[in-house]
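The points are grouped by topic and may be read alongside the sequence and the model.

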Amino acid sequence: MNDNLHQLRCFGCGARVAGTEAKPDFRCALCGDLFEVEYPGWGLRGGNDRPNAGALKWLWRERRSSSEALDHSGVWRFRELLPILDNFENAVTLFEGNTPLYHLPRTSKALGIDQLFAKHQGMNPTGSFKDTGMTAAMSVARERGFTWVACASTGNTSAAMAAYAARAGLRSLVVIPDGKIAWGKLAQAMDYGAVTCQIKADFDGCVRVLTQVVKEAHIYLLNSVNPYRLEGQKTPAFEIAEALDWNVPDHLIVPGGNLANSSALGKGFRELRELGLVARLPRISVVQAAGANPLVRSLTANRGATLEPVEAHTRATAIRIGNPASWRKAVRIIQDTGGWCLDVTEAEIAIAKAELGAEGLGCEPASAVTLAGLKKLRADGSVSPGETVILILTGHTLKDSEYTIDFHRGTLLKDEETVGLEGKIERLRRNAVAVEATPAAVLAELKGKVG
Ligand code: F0G
């Protein structure tokens, strides 16, 4: 069976190539920009390959009770909208996707928004949203006969890649910035058997080194410049629309690092609209850490015409990126959907993370930028009370427990970073207390707290 109906289109000059013709660094040979996967058969209303909206809704719902392995994946359940393989039997899956959409009652109330939800992509097999993209691109790697795959990473991509490579029986090479990734992520890459190179460079330096490596050795690059990653990462858009009974939220708020995920989700909603499954697009906003905000600067300086790389600094190490590869794609989705791009401080990130924690939802610091950003958008009136807003939480809290412990111990932030926020931080901190091993000592800790 040949399910493969795609081609690659350059985002910059529009040049089209077959999937197998892309260069090892996934840059257009004519203009150097990145590719997007497109499905030419969907274009015409009566086109032969155009999926039928009503039939798809029914089929995807049916698959939720199917016993077939591929249907257990929240990515491949939607396989009609990602026909990127010659044969779906080549799919490499860890049963990713199908992540929860949580209502946030306390935060909703505090912000005066009725319908506030978190789509928790940290609830994926390796604990981050990268799994949805990795299942797609790793399947392509396997189908095309690669034996080695590689990525540069701030940690989550490498964890996901190493796991999916192990499942596929492929070898993997990880290039990471020495000392600047969370322990949980490094542990995963090791455990899943990757060759892990820690280099004295930041993420952007890791990308530069790896781009040369894949030009010289037969290794398949799995960074998000690989357009197949985005085909998997668009599927949470399908899950969200399905959960809202084929309506779209008013506003989706996404963290921004290398800037692929915002456009992947946007592509998902666009395709749903193109195929008549939903009527409109949500507004898509991107939030960066203030110390790693090249896109915010670019949009402020020249409406996203050019991007000046920055030296990135943030404790949200997942998004410590100064020269994001997919910035043009992010600019387009923000502008096309009327979204905003803003940045938030280290203290705002830490507070938002603790507030999500207090809702029973742990997440990575990089994910918490979404709530920190929403608070700003609500405060300046950009978001109104009647809107349905979804925060994309990208990573699991256990990825970076050191950050969380430092926050609760009061050692995370410097005094100059918390000016004016001390009271708020104190109310959220829950440090562990050392008490004697007696019931009386434990009860003394509860004094005045238990009714
Ligand atoms: N949130 C988390 C938890 C991430 O790991 C990343 C990116 C992002 C947000 C940003 O997503 O790059 O699509 O804008 N992490 C990459 C990595 C770069 O190597 O794991 P983006």
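Thr418 is placed in the loop that runs between helix 14 (401-409) and helix 15 (422-428). The structure is a predicted model, and the points below should be read on that basis.

**Thr418 and its surroundings**

- Thr418 has a relative accessibility of 10% and therefore counts as buried, the cut-off being under 20%.
- When residues up to four places away in sequence are left out, Thr418 touches Leu413 and Ile425.

**Strand 13 and its partners**

- Strand 13 (residues 388-393) is mostly covered, with six of its six residues buried.
- In a regular strand, side chains alternate between the two faces of the sheet.
- Thr388, Ile390 and Ile392 point one way from strand 13, whereas Val389, Leu391 and Leu393 point the other way; all are buried.
- Strand 13 pairs with strand 5 in the parallel sense, over six bridges.
- Two of the facing positions between these strands are Phe117, which stands opposite Ile390 in strand 13, and His120, whose bridge partner in strand 13 is Leu393.
- Strand 10 (251-255) also runs parallel to strand 13, and three bridges join the two.

**Strand 5 and strand 4**

- Strand 5 (residues 115-120) is mostly covered, since five of its six residues are buried.
- Strand 4 (residues 101-103) is joined to strand 5 by three bridges, and the two run antiparallel.
- Within this antiparallel pairing, Leu101 has Lys119 of strand 5 as its bridge partner.

- An open sheet is formed by four strands in the order 8-7-6-9, with parallel pairing.
- Strand 8 (195-199) and strand 9 (220-221) stand at the edges; each has a single partner strand, so one side of each is left without a neighbour in the sheet.
- Strand 6 (residues 148-152) runs parallel to strand 9 and is joined to strand 9 by two bridges.
- Val149 stands opposite Tyr220 of strand 9.

**Helix 3**

- Helix 3 (residues 130-143) contains 14 residues and reaches 20 Å from its first C-alpha to its last, which is close to the 20 Å expected at 1.5 Å a residue.
- Helix 3 is mostly covered: of its 14 residues, 13 are buried.
- Gly145 follows helix 3 and has a positive phi, near 85°.

- Most residues other than glycine have a negative phi.
- Which phi does Asp245 have, positive or negative? Asp245 is not a glycine, yet its phi is positive, at about 55°.
- Asp245 lies in the loop between helix 8 (235-243) and strand 10.
- The relative accessibility of Asp245 is 60%, so Asp245 counts as exposed, for which the cut-off is over 50%.
- Arg303 likewise is not a glycine and has a positive phi, of about 50°.
- Arg303 is found in the loop between helix 10 (294-302) and helix 11.
- With a relative accessible area of 64%, Arg303 is exposed.

**The largest pocket**

- Rolling a probe the size of a water molecule over the atoms shows where empty space is left.
- The largest pocket has a volume of about 490 Å³.
- Its lining is made up of 25 residues, and Arg27, Val207, Asn323, Pro324 and Ala325 are those that lie nearest the centre of the pocket.
- Helix 6 (203-216) and helix 11 (327-337) each supply at least two residues of the lining.
- Helix 6 provides the largest share of the lining, with seven residues.
- By class, the lining of the largest pocket has 11 nonpolar, six polar and eight charged residues.

Definitions and conventions: Residues are numbered from 1 along each chain as its sequence is written. This is a predicted model: local features need pLDDT of at least 70, side-chain atom pairs count only at pLDDT 80 or more; totals for chains, interfaces and linings use all residues. Side-chain values use heavy atoms; hydrogens and water are left out. On a 1 Å grid over the protein atoms alone, a cavity is a set of points where a 1.4 Å probe fits but cannot get out, and a pocket is an open set with protein on both sides within 12 Å along at least five of seven lines; lining residues have an atom within 4 Å of a point. Grid points are joined across faces, edges and corners, and a volume is the space filled by probe spheres set on the points. Ala, Val, Leu, Ile, Met, Phe, Trp, Tyr, Cys and Pro count as nonpolar, Asp, Glu, Lys and Arg as charged, and the others, Gly among them, as polar. The expected span of a helix is 1.5 Å times one less than its number of residues. Buried means under 20% relative accessible area, exposed over 50%, partly exposed in between (1.4 Å probe, protein chains only). Two strands pair if DSSP finds at least two bridges between them. Contact means heavy atoms within 4.5 Å.
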